[in-house]
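I opened the model to look up a few positions and write down what surrounds them. My entries follow the order in which I checked things.

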Amino acid sequence: MTEYFISGIDTDIGKTIATGLMARYLFKQNQNIITQKIVQTGCQDTSDDILVHRQLMGCELFEEDLSGLTCPYLFKRPASPHLAARLEGKKIDTLTISRATHELKKRFKTILIEGAGGLQVPLNDDSTVLEYIRENHYPVILVTSSKLGSINHTLLSIEALKTRNIKLVGMVYNRYPQTDKLISDDSITQMRRFMIQCGYGGHIVEMGEMDLSRPDELDFSNFFNPV
C-alpha cells in the first residue's frame, strides 16, 4: 500500500483538481486507487472535493465515500478546520483521520490524501497539517501556482518539508488563472531550481484551465512509477 499527501501553498490553489487528475491517471491504469479528504469545511452531507475527485476519475461514489471514511470531518462554516470544528462544539482528533486512512489501506493499494489549505493550517490547538504529515511519514505532492507571490510561498513550503525530512515527490504547477507567460515561466524555473538544491527530484507537472467534464490527460508517471 502507498499513500501520498497532496498539499498546497495556499487555499484555493488547485489541490482538489490536481488530486482528482492524479487519481484519474492511476484509475485509468487499472490501479486500485481511492482519494481521501482529511477535513472539509464549508459544506454539508458529502465532501464537495470528494465529488470532484470522483467526477474527474469518471466513476460513481464509493461505499467508503458514503460511509464517511474518505472524509472523516465535515463542517458547515467555511473557515480554518480548527475554527470550523470549534464553532460546532467539536475538536478534530488526528487519530480519527489516521484510523479512517488505515481502514482504506485494507481495501485499496494507493491512497491520495488531500489536505486542507496550506501546510501550516492548524487542525486543532496542538497539530498542523504539516505536523500530521510528519507524524505519519507521508510523501508529499505540493500544488503551487503562477499567481504573484507564489515563488515565496512555494520556497517556504519546500523549506518546511526539507527541515522536517519529509519527502517531496513532485509539484503540480497550476497555470490557471493565466498570467504573464514570461513571469510564470521564470517562476517555475526558480521553483525547480530550489527543489533540486534541497535534494528533491525537480519533477513538476503543469496544469491549466480545463473543462471538468472533459479533463486533460496529464502525465504523472514521474510521481507514481513504479506504482
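**Ground rules.** I am working with a predicted model, in which local features need pLDDT of at least 70, side-chain atom pairs count only at pLDDT 80 or more, and totals for chains, interfaces and linings use all residues. Residues are numbered from 1 along each chain as its sequence is written, and side-chain values use heavy atoms, with hydrogens and water left out.

I started with the UniProt record, an unreviewed entry, which puts "active site" at Lys37. UniProt positions are in the numbering used here, feature names are shortened, and annotations may be inferred rather than shown by experiment. I found Lys37 in strand E2; helices (H or I, at least four residues) and strands (E, at least two) are DSSP runs numbered from the N terminus. Is Lys37 buried or exposed? Its relative accessible area is 5%, so I noted Lys37 as buried. The cut-offs are under 20% for buried, over 50% for exposed and partly exposed in between, with a 1.4 Å probe and protein chains only. I then listed contacts, meaning heavy atoms within 4.5 Å.

**Strand E5.** Next I followed Glu114, which is the bridge partner of Lys37 in E5. Strand E2 (residues 33-37) and E5 pair in the parallel sense over five bridges; two strands pair if DSSP finds at least two bridges between them. I also checked strand E1 (residues 2-8), which pairs with E5 in the parallel sense over six bridges. Ile6 stands opposite Glu114. Nine of the nine residues of E5 (residues 110-118) are buried, so I recorded the strand as largely enclosed by the rest of the structure.

The unreviewed UniProt entry lists Thr41 under "binding site". I located Thr41 in strand E3 (residues 40-41). With a relative accessible area of 23%, Thr41 is partly exposed. Which backbone oxygen lies 3.0 Å from a polar atom of the Thr41 side chain? I found that of Ala79. A polar contact here is a pair of N or O atoms within 3.5 Å; within protein, one must be able to donate a hydrogen and the other to accept it, and residues adjacent in sequence count only if both atoms are side-chain atoms. Not counting residues up to four places away in sequence, Thr41 touches Phe75, Arg77, Pro78, Ala79, Pro81 and Ala84.

**Arg24.** Last, I looked at Arg24 in helix H1 (residues 15-27). Arg24 counts as buried because its relative accessibility is 15%. I saw its side chain reach the backbone oxygen of Leu56 at 2.7 Å. Apart from neighbours within four places in sequence, Arg24 is in contact with Leu56, Met57, Pro215 and Glu217.
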